[in-house]
Amino acid sequence: MTCSVARQLEWGTVSSSTAASGIDPIAEAAPLSLCARAPHVPADRLVAEMVPPPRFDSVRFATYIPDPNQPSQTEAVRVLDDFATGLGGAHATGSGRRRLFGFGKAPKTPAGPRGVYLDGGYGVGKTHLLASLWHATPAEPELKAFGTFVELTNLVGALGFQKTVQTLSGHRLLCIDEFELDDPGDTVLVSTLLGKLVDAGVALAATSNTLPGKLGEGRFAAADFLREIQGLSAHFRPLRIDGEDYRHRGLPAAPAPYSDEQVTKAAYATSGASLDDFPHLLEHLAQVHPSRYGALTDGLGAVCLTDVQPVPDQSTALRLVVLADRLYDREVPVLASGLPFDQLFSEEMLNGGYRKKYFRAISRLTALARDAKGLVEA
């Protein structure tokens, strides 16, 4: 079977759904296919792209709208604003550190945790606040790094451990979004890496749905790596952010899935749209490292998916979570047929150790589905 109608046209065949939609494949350009993409991301691009993604390029503390019923959100803005101001006097050299809040002479060892850890449920604006911290920190962009946990671990894979330490040690701030420990290897790797960076004077900030001392629970034998997890926890001051998912606060219900014909027609009519069969896209994601999912979505105007079905297993589900994050970061609308996105993951998955990731993916895909409503003709 083929990945999409676009691939069928390349091979000289057209699907029955295309014919049913009344599309003239000669009159309109064929959509792209994510299944046909296998991007290679050079190491220098990985470093250059460690900045807030497009959705968060213009966010600031002033554009964050705290829920008046959640005082922890207002407090988080105040604490992070002070944190950013304090970094103005810091510099990332092991022999010349200054205190995070810029007072007094530089001690040989930083006083207290060298980082702040934003803990809260999905949709409370943690990434908005993390990106705002990056923008507010008074340092040149090349002295600040922003990336997801997956992107950070892939940077180590691309550059090697020592080169990564060397590259990031000159930074004033490292922001890590979606901080999660899914396996023992990541636990040891990140614990060692962050320890080296803190020793070099780099300030840390991270977001997660899990308290730092609870990382890895329900995913692997976290008790066997308690020393590493406690070491990670010691680098951060937890900052709790309460609230409901802002993406659905006061908004109408998510649009119902469309028909295959509607999705196909919209893909042909939308510049830069991709069109793929959902089960085959899931198969293709297994062939592409998750750190490349951002490059997989380069230049897309929309993602159109037919035959959305429940995700068959946990490994596939976690890959889909990463793709959803990258599409959301890049503000790519998603139009789909089949099942609604809140039926992607089984009850067992939604009650397991990765449940917060799955609920975040549902929330973000639902928001992108709303964004796609205008692609379908009334």
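A residue is called buried when its relative accessible area is under 20%, exposed when it is over 50%, and partly exposed in between. Glu75, at 34%, is therefore partly exposed. The model discussed here is predicted.

The structure holds 12 salt bridges. One of them joins Glu75 to Arg78, with the closest N and O atoms 2.7 Å apart. Both residues belong to helix H4 (residues 71–86), where they are 3 residues apart, about one turn of the helix. Arg78 has a relative accessibility of 44%, so Arg78 also counts as partly exposed.

A salt bridge also forms between the side chains of Asp119 and Arg240, at 2.8 Å from N to O. This pair connects distant parts of the chain: Asp119 lies in strand E1 (residues 115–120) and Arg240 in strand E5 (residues 236–241), 121 residues apart. Asp119 is buried, at 4% relative accessibility, whereas Arg240 is partly exposed, at 44%.

In another salt bridge, Arg364 meets Glu178, and the closest N and O atoms are 3.5 Å apart.

| Residue | Relative accessible area | Class |
|---|---|---|
| Arg364 | 4% | buried |
| Glu178 | 12% | buried |

Glu178 and Arg364 also belong to a network of salt bridges that includes Asp325, Arg326, Asp329 and Arg360.

Technical notes: Residues numbered from 1 in each chain as written. Predicted model: local features only at pLDDT ≥ 70, side-chain atom pairs only at ≥ 80, totals over all residues. Heavy atoms only, no water. Salt bridge = Lys/Arg side-chain N within 4 Å of Asp/Glu carboxyl O. Helix = DSSP H or I, 4+ residues; strand = E, 2+ residues; numbered from the N terminus. Buried < 20%, exposed > 50% of the residue type's maximum accessible area, 1.4 Å probe, protein only.
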